[in-house]
Amino acid sequence: MIVTSLAISLMLFVPVQADTKKYILSWTTKLPYTAVPEYCADHDAVPVIIESAEENEIIRKLAFSKPRAKLRDIDQFWIGLTDQKQEGVFVWSASQLTLLEHDYTNWGKTTLGSQPNNVMKNGEDEDCVVLRNDVKKANGPWYDIGCTKRLAFPICELP
Ligand SMILES: [Ca+2]
Ligand SMILES: [Ca+2]
């Protein structure tokens, strides 16, 4: 059961109950990933950990469902997964568990190859992960991108 509010797009953040987990998303302020742990902590939450295809779909629908998806630039959200400490070893920041300790991943595929590809731009690795609204492949694929630009909106979960 997902509980949302008609006033959702006007709020800075909104707690959303989805089954046993409760999420906090923002549709108003893009952050660099480096600011997301603090943003979540300010709401007594942690950067989201996605543990199954079912949960990925719940989050994708929350993040991109109408009418919010009609807003400009609502195209990607940070999830709490990084390989900042060791290149290629992705860790859920809230649990410190690596992807190898989880069954589920949902890396995107493009004509240029699969994610994560750690393409460096301006000397910065791609070490943080977003969930995208991919219209061709509507399953909320994950992409590694740079951590330090204001490129995406935060998703947190309440522990
Ligand atoms: Ca990387
Ligand atoms: Ca990438």
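**Notes on the predicted model**

1. Pro116 lies in the loop between strand E7 (113-114) and E8; helices (H or I, at least four residues) and strands (E, at least two) are DSSP runs, numbered from the N terminus. The peptide bond from Gln115 to Pro116 is cis, with omega near -5°. Asn118 is found in that loop between E7 and E8 too, and has a positive phi of about 50° despite not being a glycine.

2. Some housekeeping. This is a predicted model, in which local features need pLDDT of at least 70 and side-chain atom pairs count only at pLDDT 80 or more, while totals for chains, interfaces and linings use all residues. Residues are numbered from 1 along each chain as its sequence is written, chains are lettered from A and ligands numbered from 1 in the order in which they are written.

3. On confidence: the chain averages a pLDDT of 83 (the predictor's confidence in each residue, from 0 to 100), and 81% of the residues score at least 70. Over residues 1-12, though, the pLDDT is below 50, and this stretch has 14 contacts in the model beyond near neighbours in sequence; a contact means two C-beta atoms, placed from the backbone, within 7 Å. Where pLDDT is low, the predicted coordinates should not be read in detail.

4. Overall layout: two helices and ten strands, in the order β-β-α-β-α-β-β-β-β-β-β-β along the sequence. Among contacts with a separation of 6 or more, 65% come from residues 24 or more positions apart.

5. Pairing requires at least two DSSP bridges between two strands. E2 pairs with E10 antiparallel over four bridges, with Tyr23 having Glu157 as its bridge partner. E3 (residues 46-47) is also antiparallel to E10, joined by two bridges, and Pro47 stands opposite Cys156. E4 runs parallel to E10 over two bridges, with Phe77 opposite Phe153.

6. Cys156 turns up again in the largest nonpolar core, which has 31 residues: it is one of those touching the most other members, along with Leu25, Phe77, Trp78, Ile79, Val130 and Ile155. Such a core is a set of buried Ala, Val, Leu, Ile, Met, Phe, Trp, Tyr and Cys residues joined through C-beta atoms within 7 Å. Elements giving two or more residues to this core include H1 (36-42), H2 and E9 (142-145). Leaving out residues up to four places away in sequence, the residues that Cys156 touches include Tyr23, Cys40, His43 and Pro47.

7. One more backbone item. Asp44, in the loop between H1 and E3, has a positive phi of about 55° although it is not a glycine. Asp44 counts as exposed because it has 10 C-beta neighbours inside 10 Å, whereas Asn118 has 13 other C-beta atoms within 10 Å and is therefore partly exposed.

Key: A residue is buried if 20 or more other C-beta atoms lie within 10 Å of its own, exposed if 12 or fewer, and partly exposed in between; C-beta atoms are placed from the backbone.
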